[in-house]
Each structure stands twice: as C-alpha cells, then as structure tokens.
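Me: I am new to this structure. Please show me how to read its features.

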Amino acid sequence: MGDVHETRSAELAQPPLAVLGTAAKNAYREALRDGVLALPAAGVEHDAQRAAAGELLGLGLLLPAPGRPDELLPVDPRIAEARLGSAWRARALELLDRAADISDELAPFIEEYREPVRPAEESPGSERLSGPATVNWHLDQALSSCREELLTAQPGGGRPVEFLQEALDRDHAVLRRGAAMRTLYLHSARFDGPTREYVEGVRALGGQVRTLADLFERLIVVDRRIAFVPAPDHDGDAIVVRDPAVVHYLADVFDRSWQRASEFPTGQEPAAAPYIADETRRAIVQLLIEGESEASIARRVGLSKRSCAAHIAKLKQNLGVQTLFQLGYRVAATGLSSVDIPAGGGPGTSSE
C-alpha cells in the first residue's frame, strides 16, 4: 500500500519529460539521413543505442524493415505526430474528466473527516484538533464566515512577527466584512514593537485592543457560536467548542475581562509604564497567594523569567523576606493591600 502511494506521489511531483531523449533524437536523425538505422548487436557497449532504437519503435517513429530484422526504417514524423497527438489529447480529456469527478468521489470522505469519531469522554459539542496545520485550517474556516463579532484573548506578551502578520491578514478580512473585533493582551505586550504595529493596523480598520495584568488562557470566539481553546495536554492542539451554552459562557468570561482591561495606547507611552509595572506586580502577588510557581507566573503575566524574578526580588525586599514561600505566606496572612508598591518602583514590564 505504501509503495503504491509513494509511486503515485512521485509521478505527480515530477515535471513533464521530453518526448524523445537525446540519444533517440540522434538515432532518428541518422535514420532520416541514411534512410535506414542499423540495429547494433546485443552487448553492454551497445545498450544505449539499442535503448534509443527501442524508444523510437515504441513511439512508432521506426518500423522493422521487412525481411531484415537488424534494420529499422524511419516513419514520416507527420504520421507519428498525428497518431501520438490524437492519442495524448484523448488521454488529456480523460484526465480532465477524472479531475472534474474527484470532488464527487471524495465528498463522502470529506464529511467523515469533518465528523471524526470522538472519544467517549468528549462531548458532542466539542472536537479535538491535533497539530497546528489542522487548527489553522479549522480557524480559517470559522473566520471566513465571521460576520458579527470576533473576540480574541492572546496571553504571553508580544508574539513572533510571523504570527502577527498571519493574524493581521485574517483580522483585516474579518473587519472588512463589517464584523466587530475585540482583542485582549497582557500589559507587557504594550512594550513589544511588532505587537504595537499590529495593533495600529487592526485599529485602522475599527478593531479594539485592551490589556490586562493577568490574562486567562488563549481564547477565540467567532460570532458567539464557535470557540477555540488550547488543549490542556498539548501545546500544538486545540479544542473547538460548538455547544451554545459553553460558547456563551466563554464569551461572558471574555466580556468580564474586557470591562476591567485598559485601553492599548497608541504607541509606547512612557508615562504609562509606572502604572503598568505596579499592576503587573500586584498580579504577581495575587498569583503567589494562589501558590503559582515562578515559571507559571512569568507565563501568565507575559514576562520573561528574568523580569519576573526581578519583580519578585523587589517584593521580597519590600516585605523583608528571603524565600518565595515566605513571601506568599506573608502576603496571604496580611492581605494584598499590605504590599508596599511605590509608583513606578522596580523593574519595567519588558518581556525581553
């Protein structure tokens, strides 16, 4: 089964070959010039000549001489051209017919692919998508039909340039159709150059962008009818949710986060940096109370591990403690309001 598939794939991938090889062309010229082509005796040293003669025989450009098996006579190339051209054009029409029929032949399988067998623990209103290619295909399909509203939450701070460009192309298509669009980022995204450029592009077409100190997991909601959330056990997988009640709940979570978010500034505003730093540090303290690890906190607030460690070090200094455990215990015991966070104190929010 594998050999058949590989052979067919190789045939489709190869460029069209010339009708005649170089040796065959030279042999045909010799036959036309001399009126006959002598077939060389069998032997390794004559394999190339005999192969060229066989190629010409197969195309009908040479015919065996009557009564002289070692001689071949040339055929008028116009006759061969008419015969071969007719046969190949008929074959081409047959292939075109097969190409037109392929959609009908594959339609049942396309439906089966769209409705895969679900594990017992997976509800009818959700489907697991495995791998970035599959996730992106389903996301493109959902966004191509978005007409009313697109909600996106993107944790983790600034994103790679190539991801932002791909997202910008998708978002522009949605906004040009007249749909509303709201996007949530972490505060740290404000200080990422490519992300600021992306935000300016989205806003130019009417999109809205806000930021939070601490954001929930990545979320995409399309027209409040379908949602995409990360798979809990694999970074490259996603769960697409179609259950109306669950999608409504996820959209409501987004709306509540949107209400407490701050507007993404147009360009980097230095005056906003102290306020953002203080909010970020408060989010770090809250996550410490909840028992999150340093690595988890860095991810959730969109900071590098180094920047997050600098914020935590400043908090330890303010409260006079030495360890992460002592810091979490002290804040939990005395309350979040007891943490002294001077305006603009401590490191900035750069995610680098």
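Reply: Start with accessibility. Buried means under 20% relative accessible area, exposed means over 50%, and partly exposed is in between (1.4 Å probe, protein chains only). Glu94 is partly exposed at 39%. The model is predicted: local features need pLDDT of at least 70, side-chain atom pairs count only at pLDDT 80 or more, and totals for chains, interfaces and linings use all residues. Residues are numbered from 1 along each chain as its sequence is written, and side-chain values use heavy atoms, with hydrogens and water left out.

Me: With which residue does Glu94 form a salt bridge?

Reply: A salt bridge puts a side-chain nitrogen of Lys or Arg within 4 Å of a carboxyl oxygen of Asp or Glu. Glu94 pairs with Arg91, with 3.1 Å between the closest N and O atoms. Both sit in helix H4 (residues 77-114), 3 residues apart, so about one helical turn separates them. Helices (H or I, at least four residues) and strands (E, at least two) are DSSP runs, numbered from the N terminus.

Me: How many salt bridges does the whole structure have?

Reply: A search finds 15. One of them joins Arg203 and Glu263 at 3.2 Å, N to O. Arg203 is in helix H7 and Glu263 in strand E11, so this pair ties together parts 60 residues apart in sequence.
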